[in-house]
Amino acid sequence: MTAVRLSRVMPVLAAAAILAAAAATVLRAPAPAPGIGGPFELTAHDGRRLSSRDLLGKPFAIFFGFTRCPDICPTTLLDLSRVIAGLGEAASGMHFLFVSVDPEHDTPELLRLYLSSFDPHLTGLTGTPAEIAAVAKAYRAYYEKVPTSDGYTMNHTAVIYLMGADGRFRVTMRAGDPDAEQIAILRQLLAKSGKVGS
Amino acid sequence: MRFSTTATLAAAICAVTLPGSAAHAADYIIKGITISAPWTRATPAGATVAGGFLKIENKGAEADRLIGGSFAKAGSVQIHEMAMDGDVMRMREMAGGLEIKPGAAIELKPKSYHVMFIGLKEPIKEGGPIAGSLVFEKAGKVDVEFEVRPLAAKAPH
């Protein structure tokens with residue numbers, strides 16, 4: 001019984017593995033994850049309210065972090081700043097959104113100050129704890145407070161989600177991968193959205 | 001090209017074998033514990049935390065633990081571990097400190113163990129080294145200086 005099942009499944013698995021490997025070389029694509037993304041409304045670092053509807057028409061990159069993060073958040077923002085610079089003019093054809101998972105500490109004013117150290121195409125987003133919970137849920141991003149002896153730190157998903165101009169999930173990207181690879185992924189995302197840059 | 005590769009390699013080897021060479025900040029020794037090359041990164045504007053990194057070698061006969069320290073620009077210092085669990089970044093305070101067994105060497109580095117500087121009074125800027133200290137359970141306290149590297153320290157461009 002098991003043997004029969006295995007023999008049926010194996011070719012499928014092998015084909016999936018080949019496909020996955022092929023996709024990974026180009027896009028680092030995980031298995032298609034239906035349901036990533038969805039409507040949200042948050043407060044941007046300039047104080048204005050920003051809803052997912054405002055983003056329609058341009059693809060966007062969205063990722064989660066917090067300013068009291070000593071390592072992965074600043075390095076992700078720095079890596080992404082370099083990648084954005086590498087895109088040149090084309091960068092204005094999309095949005096780059098950094099969503100705080102620590103809204104009690106990360107006010108719009110603080111996000112504005114923090115992002116002044118990075119590429120100006122980046123938009124910082126925060127909100128009420130309920131709004132942050134809703135956007136994280138929509139993106140299937142995980143975050144939690146971790147108590148420390150004098151407060152807390154955060155665990156959080158550290159992947160960059162790339163969304164099409166229709167607001168639908170396309171692929172994930174990892175900061176720290178070679179710049180050229182990330183630039184190629186973003187150019188592909190822009191090209192598919194009809195926003196081919198220089 | 002060839003020369004610069006060789007030179008870089010030579011520098012790297014020197015850095016490993018001669019921790020006191022010019023490639024490194026000062027070394028510190030306290031009761032069998034050797035600390036080399038403490039460093040931190042410049043921080044983004046508004047940041048109130050930073051990570052401190054260093055190598056610790058226990059040349060003594062007993063295990064010891066790094067349990068805390070101080071940093072001139074921070075309100076407090078904790079020992080943390082950061083680890084990637086798939087796509088999730090996990091951070092935790094090592095409440096009991098970080099054990100260094102006899103004969104063992106541990107590197108506190110980005111995406112791993114680090115000394116967490118909490119409550120920065122002002123951003124860390126590139127420039128001169130910043131004074132601090134490290135406290136070990138048995139070896140006690142040692143004053144050190146943290147070299148300040150650029151925010152992009154791991155990503156030269």
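## After helix α3 of chain A

Just past α3(A), A:Gly88 adopts a positive phi of about 65°. This is a predicted model, in which local features need pLDDT of at least 70 and side-chain atom pairs count only at pLDDT 80 or more, while totals for chains, interfaces and linings use all residues. Residues are numbered from 1 along each chain as its sequence is written, chains are lettered from A in the order in which they are written, and side-chain values use heavy atoms, leaving out hydrogens and water.

Helix α3 of chain A covers residues 72-87. Helices here are DSSP runs of H or I with at least four residues, strands are runs of E with at least two, and both are numbered from the N terminus.

## A helix with a buried face

Now look at α6(A), whose buried residues are A:Gln182, A:Ile183, A:Ile185, A:Leu186, A:Leu189 and A:Leu190. Down the helix axis, these buried residues fall within an arc of 160°, so they line one face of α6(A) (the arc is that of the directions from the axis to the C-beta atoms). On the face turned away from that buried side you will find the exposed residues A:Ala180 and A:Lys192.

## Two loop residues with positive phi

Most residues other than glycine have a negative phi. A:Arg140, however, has a positive phi near 55°. A:Arg140 sits in the loop between α5 (129-138) and β6 (143-148) of chain A, and is exposed, at 54% relative accessible area.

B:Lys31 belongs to the loop between β1 (27-30) and β2 (33-41) of chain B and is exposed, at 66% relative accessibility.

## A buried aspartate in chain B

Finally, visit B:Asp64, in strand β4 (residues 64-71) of chain B. B:Asp64 is buried without a salt bridge, and B:Lys138, the nearest side chain of opposite charge, is 5.7 Å away. Lys and Arg count as positive and Asp and Glu as negative, with His and the chain ends not counted; a salt bridge needs a side-chain nitrogen of Lys or Arg within 4 Å of a carboxyl oxygen of Asp or Glu. A polar atom of the B:Asp64 side chain does lie 2.8 Å from the backbone nitrogen of B:Ala139.

Technical notes. Buried means under 20% relative accessible area, exposed over 50%, partly exposed in between (1.4 Å probe, protein chains only). A polar contact is a pair of N or O atoms within 3.5 Å; within protein, one must be able to donate a hydrogen and the other to accept it, and residues adjacent in sequence count only if both atoms are side-chain atoms. The expected span of a helix is 1.5 Å times one less than its number of residues.
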